Amino acid sequence: MIDLHCHLDLYPDPDCVLGRVIRESMYVLAVTTTPRAWQGTLKLVGRAPRVRVALGLHPQLVAERHDEVDLLCSLLAETRYVGEIGLDGSPQCRQSLALQQEALDHILAACAKVGGRIMSVHSRGATKAVLNALQSCPDAGTPVLHWFSGTLHDLQRAAAMGCWFSVGPAMLTTKKGLLLAERMPRDRVLTETDGPFSRWDGEALAPWDVARAVSALATIWNIDTTAAGRQIAANCRTLLEHGNVAEPN
Ligand code: MN
């Protein structure tokens, strides 16, 4: 099982979550919301064989943490994975969009400079602007649009640009989310939870809850859950092995 967007460091008991992730041989991308959490999350993950840490600056935090953009860029040489980054145009964040845009453009340019990175990208309420930013910096690497919520037209555009998509249980309970997932190129779909922020029946989703997304995708693709799991695992290998991304120093 694969959770390509999880805030491992933000669970109340991250060691306990990590323990089960290791026991279940899961592949997890632990995304950080600020580059200040980078070292601590690396330390937390330790030698866990299939857990990777992504270097991020959540767009919702850019207003108060804009000065951390340079820190993020200076750490880029140490990792293949960036996230989460992006833009948030929802009402509570809209007033910082200009600053968010500046930060995103800066980060994408820095990713391009180091040879490209695998990037977990947030685009709530700002899909078109995120796609514009990615399009104007094609050497930034391979974007994985997390919890995509744009229009079908945006989706078509993102797919044509070579974007990947990570979808989770919460997204796949809505009619719109299901319709979008159905139209995503099957060989570029990955699973995620966005835990502990995203919830299910009032409880924070944990990485192993991607099983719910796998079974929803199996229904969409009209195959059984084992075959859906295999498809997602194959997609993940393709992303990690052949992503247009340079190795870190
Ligand atoms: Mn997130």
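Helices (H or I, at least four residues) and strands (E, at least two) are DSSP runs, numbered from the N terminus. The model discussed here is predicted: local features need pLDDT of at least 70, side-chain atom pairs count only at pLDDT 80 or more, and totals for chains, interfaces and linings use all residues. Residues are numbered from 1 along each chain as its sequence is written, and side-chain values use heavy atoms, with hydrogens and water left out.

Q: What is the secondary structure of the protein, and why is the protein described as compact as a globular protein of its length?
A: The chain forms ten helices and ten strands. Its radius of gyration (taken over C-alpha atoms) is set against the globule rule, which is 2.2 Å times the number of residues to the power 0.38. For 249 residues that rule gives 18 Å, and the protein has 17 Å, close to that value, so it is as compact as a globular protein of that length. The C-alpha atoms fill a box of roughly 45 × 40 × 35 Å along the principal axes.

Q: Why is Thr41 called buried, and where does it lie?
A: A residue is buried under 20% relative accessible area, exposed over 50% and partly exposed in between (1.4 Å probe, protein chains only). Thr41 has a relative accessible area of 1%, so it is buried. This residue belongs to helix α2, residues 38–45. Leaving out residues up to four places away in sequence, Thr41 is in contact (heavy atoms within 4.5 Å) with Asp9, Ala30, Thr32 and Val53. In the protein as a whole, 55% of the 249 residues count as buried.

Q: What makes Ala54 a buried residue, and which residues does it touch?
A: The relative accessible area of Ala54 is 0%, which means that Ala54 is buried. Ala54 is part of strand β3, residues 51–54. Beyond four places in sequence, Ala54 touches Leu29, Ala30, Val31, Thr32, Trp38, Tyr81, Val82 and Gly83. Its C-alpha atom is 7.7 Å from that of Arg80, although 26 residues separate Ala54 and Arg80 along the chain.

Q: Why does Leu134 count as buried, and which residues is it in contact with?
A: With a relative accessible area of 8%, Leu134 is buried. Helix α6, residues 127–135, holds Leu134. Apart from neighbours within four places in sequence, Leu134 is in contact with Leu108, Met119, Pro143, Leu145, Met161 and Cys163. Across the protein, 70% of the contacts between residues at least 6 apart in sequence join residues at least 24 apart.

Q: Why is α9 called roughly perpendicular to α10?
A: Axes are lines fitted to C-alpha atoms, for helices over the stretch in contact, and angles run from 0 to 180 degrees between N-to-C directions. Angles under 35 degrees count as roughly parallel, over 145 as roughly antiparallel, 65 to 115 as roughly perpendicular and the rest as oblique. The axes of α9 (residues 210–221) and α10 (residues 225–242) cross at roughly 100° and come within 8 Å. Therefore α9 is roughly perpendicular to α10. From α9, the contact involves Val214, Ser215, Leu217, Ala218 and Trp221; from α10, it involves Thr225, Ala228, Gly229, Gln231 and Ile232.

Q: Which residues coordinate the manganese ion?
A: Donors are N, O and S atoms within 2.8 Å of the metal (3.2 Å for Na, K and Ca); water is not among the atoms, so sites may look incomplete. His5 (NE2), His7 (NE2), Glu84 (OE) and Asp194 (OD) coordinate the manganese ion at 2.1 to 2.3 Å. Along the chain, these donors follow the spacing H-x1-H-x76-E-x109-D. His5 and His7 are both buried. Asp194 is buried too, because its relative accessible area is 8%.

Q: What is the phi of Asp194, and why does Trp147 count as partly exposed?
A: Most residues other than glycine have a negative phi, and most peptide bonds are trans. Asp194, in the loop between β8 and β9, has a positive phi near 60°. Trp147 also has a positive phi, of about 50°, and lies in the loop between β6 (141–146) and α7 (152–160). Trp147 has 33% relative accessibility, so it counts as partly exposed.
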